[in-house]
Amino acid sequence: MSDVVWRPEDDSKIRPPLQEGPVYRPDILNVIETTLDGLSGELRALSLDIHDHPELKFEEKYAHDAYTTFMEKHGFTVTKNYLLDTAWVATYTHGQGGRVLGVNSEMDALPGIGHACGHNLIGISGVAVALAAKAAMERLNIDGKVVLLGTPAEEGGFGKVMLYERGAYDEMDVCLMCHPAPGPRHSISLSGCLALSRITVEYHGHTAHAGLSPWEGKNALDAAVLAYNNVSLLRQQIKPTHRVHGIFEGKDWAPNIIPDHAIMQWLVRAPTTSEMEDTRKRVISCFEAAALASGCKVQVKIESVGNEIRQNKALGDELADVVLKRYGAIDYDWGIKSASTDFGNISYLMPGLHPGFSIPTIPDGGNHTTGFTEAARSEVSHDACLVVSKALAAVGMRVLTDEAFLQKVKDTFEEDMKLRV
């Protein structure tokens, strides 16, 4: 593993060999590269500012103001508090008609460990793609529109789904974004992610004095413990690509009182939505069995459901062509393959691309660790973020300039819809 994963001590100047051959519209790519190289200092300052002010889901007020101020400064039309309190949208239109490129910038951090999923990098990548597209449209007189959407609450809040339901994605022809993760040096990943279901489980029992008359009680905490152990045993019989994990919640518990109420929060994940639903049925049986054994009543509430990412193959192939010829390596095994994101839902609804990109991480310092929090602010990670942003901007500009390519993207999306099981 240590021979594969990019570590902070590795020489970042060593890059994979590049493939020979032309890329689409090198004049556009030249403008993209020149623009983002020139803005690197400003973008890094913005990234570190966001990193230094971590905010939880739906509380991204500082990030909202920092991003909207930045985009206004760079000539975008900005709508603050767009459809959600901390969401925002920045648009730029050139000429008449044309197509619409959508981009996402995430903002939220994690409880206790800050930007341990690198959303400061995701945020500035969206900004970078939008700024590069604007520069290319201006200098090369390309008609079209760029819509950069600031999306709150990726970490458990399904902010993108809420925005989609309220029409924020309606005019986009495609939507692009990216995500940092551990991986091989200078690699960009076209892996997907796992589908996810959030489940809230409540057990209701009956209190009693734990010493004087425990037989009078029905122990809701026992029910929760049984459920936890049931799921632990179930894991032996589920596929290694599936994930089930949960926590206990409770209040007014005391060791001399039989608890009459317990809550559990669970996540069930699998490579596809249908596989997740099958495993979820088995997990729910674990909850129900615990209620039967303990004599408690159980309420199982299926909360939000996140689809797996459906990487649009036409968009992904174009990204791979640019990356392999100009920047680095492509892989299909790293990225956020075993995690989940609300962008998966967006990719079910419209053509989308969500590559991962590797940044240097310490051992046991992957996403959602304090080690990754530090990794997300390094200068090498910033440089890697700009590389994937350049490639994404190139893909986006082909959407705006090549009608046949856009039709291929749409056809690919329609074909993929038929393959979902």
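A residue counts as partly exposed when its relative accessible area falls between the cut-offs for buried, under 20%, and exposed, over 50%. By that rule Arg-377, at 25% relative accessibility, is partly exposed. Keep the rule in mind as we walk through this predicted model.

Side chains of opposite charge can pair when their charged atoms come close. The structure holds 20 salt bridges. Start with Arg-377. Its side chain meets that of Asp-52 in a salt bridge, 2.8 Å from N to O. Asp-52 sits in the loop between α1 (26–51) and α2 (61–73), and Arg-377 in the loop between α9 (370–375) and α10 (379–401), so the pair ties together parts 325 residues apart in sequence. Asp-52 is partly exposed too, with a relative accessible area of 46%.

Next, look at Glu-403 and Arg-99. Their side chains form a salt bridge of 2.4 Å, N to O. This pair also links distant parts of the chain, 304 residues apart: Glu-403 belongs to helix α11 (residues 403–419), while Arg-99 lies in the loop between β2 (88–94) and β3 (100–106). Buried or exposed: which is Arg-99? Arg-99 has a relative accessible area of 18%, which is under 20%, so Arg-99 is buried. Glu-403, at 44%, is partly exposed.

Now turn to a pair within one helix. Asp-317 and Lys-313 meet in a salt bridge of 2.7 Å, N to O. Both belong to helix α7 (residues 313–326); they are four residues apart, so about one helical turn separates them. Lys-313 is exposed at 55%, whereas Asp-317 is partly exposed at 36%.

Finally, find a network. Salt bridges link Glu-308, Arg-310, Asp-416 and Arg-420.

Methods: Residues are numbered from 1 along each chain as its sequence is written. This is a predicted model: local features need pLDDT of at least 70, side-chain atom pairs count only at pLDDT 80 or more; totals for chains, interfaces and linings use all residues. Side-chain values use heavy atoms; hydrogens and water are left out. A salt bridge is a side-chain nitrogen of Lys or Arg within 4 Å of a carboxyl oxygen of Asp or Glu. Helices (H or I, at least four residues) and strands (E, at least two) are DSSP runs, numbered from the N terminus. Buried means under 20% relative accessible area, exposed over 50%, partly exposed in between (1.4 Å probe, protein chains only).
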